[in-house]
Amino acid sequence: AEDAPRERRPAPEDAQTAAFRRDLVQGLSRDQKAVPPKWFYDAEGSRLFEEITTLPEYYPTRQETALLRDRAAALTADFGPDAVLVEFGSGASEKTRLLLDAVPDLGAYVPLDISESALLDAATRIRADYPGLRVQPVLGDFEHLAPLPDDLPQGRRIGFFPGSTIGNLEPDEAVRFLASARRMLGEGALFILGVDLVKDPAILVAAYDDSQGVTSAFNLNVLVRANAELDADFDLDAFAHRAVWNPDQSRMEMHLQATRQTIAHVSDSRFNFMAGETIHTESSRKFTEAMVEALATQAGWSVAGFEISPEPSVALALLRG
Ligand code: AVJ
């Protein structure tokens, strides 16, 4: 009897790895090669992002933290008893503390993040520092929002989406996200939305191309991760970090630019990069108050407050459902 042909069967892939593989192969098959920014955030990527937030050039975290501290009382005035705070892309949950400090009778905190390590570490630290608080982490990305667990306290739901992470979404995706968050949070919800504002391009470019090269390492980490997790073979020396201001789309863009012709394999696909060709890895949209107003309104929210920091300016919008 003949043996069936022997296939090399790779270990079954978890759903996240399979989704990363699919997004990367699809993204590199486009005319403008691209990979969605959510794939930056493995454990190392989340660590590098936290390091970015401490850089002198990266003003958004500093400015937003100070603004939150200044305005926490106004932003939380209508939370009411037993409120449930749902944070999208919670990362290290550092800014959250400013809200938790302002609302001692919060019913529950629900952090949602795509990085399991960041999510669980943050939950552990928050539980340690807020012993009476119910903390219910949810692993996932904010493009596929699952309904909230149904045994949460019954107070008002408040969405919290700081850091201008909404700027990573295309305009139509941002509207869809805010609309589905509104459905998820239900009747009477509030939403605290952090956005970075349009400003001098030199300040923007410096924030995304720091002198210590941390943002460069963060950007390149997506290829490091593809090599490690997907068995891809990107030549890391052949790609360089680029940060460019795109005035037509009002966004900072990060790219990985091939410094010479190079080839990479992912799964059964072979990708050729011409010298100078780029992979678009992130867009960070920069807003005006009018842009935030339009975005919120299209998603069914109304803007109840808009707090602006000193320069370099960022803003916190308070939305009502
Ligand atoms: C976490 C998405 C808000 O867009 O500024 C930092 C990520 N990229 N430096 C941003 C990031 C490059 C950051 N967000």
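Reader: What should I know about the model and its numbering?
Author: The model is predicted: local features need pLDDT of at least 70, side-chain atom pairs count only at pLDDT 80 or more, and totals for chains, interfaces and linings use all residues. Residues are numbered from 1 along each chain as its sequence is written.

Reader: How many residues does helix α3 have?
Author: Helix α3 has 18, residues 59–76. Helices here are DSSP runs of H or I, at least four residues, and strands are runs of E, at least two, numbered from the N terminus. From first C-alpha to last, α3 reaches 24 Å, close to the 26 Å expected at 1.5 Å a residue. That expected span is 1.5 Å times one less than the number of residues.

Reader: Where is the kink in α3 centred?
Author: On Asp70, with a kink of about 55°. The bend is the angle between axes fitted to the seven residues ending there and the seven starting there.

Reader: New topic. By class, what is in the shell around the ligand?
Author: Four nonpolar, seven polar and one charged residues. Nonpolar means Ala, Val, Leu, Ile, Met, Phe, Trp, Tyr, Cys and Pro; charged means Asp, Glu, Lys and Arg; the others, Gly among them, are polar.

Reader: Which residues are around the ligand?
Author: Among them are Ile52, Pro60, Asn168 and Glu282. Each has its C-beta atom, placed from the backbone, within 6 Å of the ligand.

Reader: And the sheet: in what order do the four strands run?
Author: β1-β11-β8-β7, in an open sheet with mixed pairing. Paired strands share at least two DSSP bridges. The edge strands, β1 (33–34) and β7 (239–246), each pair on one side only.

Reader: In what sense do β1 and β11 pair?
Author: Parallel, over two bridges. Lys33 has Ile279 of β11 as its bridge partner.
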